[in-house]
Amino acid sequence: MQPRWLIARLEEFSFLSQSQSALSDEVRKVLGLTESHGAEHTNRLDNDVHRFTALYEQLMDEQRERWDSHERRYQQTVRTLDERDQELTQAQSELEETKNYQDFWQNQLTRACNWESRARTRLESAKRELRSAEQRTLSAEQDYRSAKANYDYASSQTIRVYVGQDSRGNAQYEHRRNPATAERHAMNAAHGRLQTAREEERRAKSECNAARNEYKEACDQVNGSMSAVSDMEVATKHSYSALSSAEDAKTNTLNAKYSLDEERRILEQMDDTLKSIESCVNSQQNCQCELHQHNSMALTTSRNNEQIQEDLVFEIYKIRYALENKANLLAAFDAPVFLG
């Protein structure tokens with residue numbers, strides 16, 4: 001085999017080893033860029049995950065605050081609704097009681113008006129009876145004065161009274177004071193009628209006074225009942241107003257509760273959304289952990305490759321050195337020999 005041909009092959013192998021060294025350098029550059037890009041993407045992902053996690057935690061804190069505020073307002077509204085129910089029940093009870101009182105006093109007014117009518121009739125009848133009794137008393141007094149005058153006149157007269165016969169058989173008479181028996185009887189009878197008329201007048205006056213007192217009491221009862229009915233009408237209006245206010249207050253509280261129920265539904269939807277975000281955060285964190293694991297593995301592999309490349313470059317350098325040395329030796333061997 002010709003030395004020149006061997007030298008050419010050694011030089012070719014040396015060139016190939018040099019190319020292999022250049023290729024190894026390119027590989028190391030590519031590995032360095034890959035590591036740099038991986039670190040850059042990892043940092044970006046870390047930043048994105050950190051921001052997304054911080055945003056998620058902020059949203060969760062705000063959501064908890066919204067839930068706390070909602071629960072406080074919801075519990076307060078429930079308590080208020082119970083109070084409004086009690087107020088409405090009380091207003092309905094007070095209205096019913098007021099209406100019962102109004103009916104009672106209306107009935108009392110009707111009874112008082114009937115009593116007043118009866119008392120007025122009694123008083124008018126008592127007045128008529130008193131006037132009649134007074135007329136009868138005046139008439140009885142006139143009759144008594146007339147009968148007494150007749151008696152006084154008759155008793156002042158003398159009458160001739162037959163007392164028997166004398167010895168000769170003649171009728172004998174005596175003049176005596178007139179006993180006025182008939183007139184006395186008439187006077188006594190007139191006096192009795194006068195006493196009766198006066199007693200009837202006294203009873204009529206007593207009845208009239210009693211009827212007048214009863215009529216006054218009946219009028220007072222009517223006035224009191226009318227005042228009570230008027231007061232009950234005002235109280236009924238106030239009770240209706242209080243009932244209306246209680247109904248409005250309950251309606252407003254119910255509307256507030258409906259709004260809170262709608263708010264609760266929205267908060268529950270937000271909870272579902274936050275659960276989805278939490279799943280995304282967990283997924284990103286898992287991806288981050290996997291990426292860090294892959295990066296660690298890639299970094300280890302890259303370090304191993306760097307070591308291999310360094311070993312390879314060293315081996316290539318030794319091969320080139322050996323090839324060049326052998327080529328030089330073959331060149332020296334193939335050189336012409338000059339004999340002195």
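What share of the contacts in the chain between residues at least 6 apart in sequence join residues at least 24 apart? In this predicted model, the share is 85%.

## Overall architecture

The secondary structure of the chain consists of two helices and two strands. Read from the N terminus, these elements follow the order α-β-β-α.

Of the 340 residues in the chain, 23% are buried. The chain exposes about 23600 Å², and carbon and sulfur atoms account for 52% of that area.

One aromatic pair is counted. It is formed by Phe 104 and Trp 105 in an edge-to-face arrangement, with 5.2 Å centre to centre and 75° between the planes.

## Cysteines

The structure contains zero disulfides. For Cys 219, the closest cysteine sulfur belongs to Cys 113 and lies 9.8 Å away. A disulfide requires sulfur atoms within 2.5 Å, so the sulfur of Cys 219 is too far from that of Cys 113 for a bond.

Cys 219 counts as buried, with a relative accessibility of 17%; the limit for this class is under 20%. Cys 208 is buried as well, with a relative accessible area of 1%.

Terms used: Residues numbered from 1 in each chain as written. Predicted model: local features only at pLDDT ≥ 70, side-chain atom pairs only at ≥ 80, totals over all residues. Heavy atoms only, no water. Phe/Tyr/Trp six-rings, centres within 6.5 Å; stacked < 30°, edge-to-face > 60°. Buried < 20%, exposed > 50% of the residue type's maximum accessible area, 1.4 Å probe, protein only. Helix = DSSP H or I, 4+ residues; strand = E, 2+ residues; numbered from the N terminus. Contact = heavy atoms within 4.5 Å. Areas by Shrake-Rupley, 256 points an atom, 1.4 Å probe, with all protein chains shown as cover.
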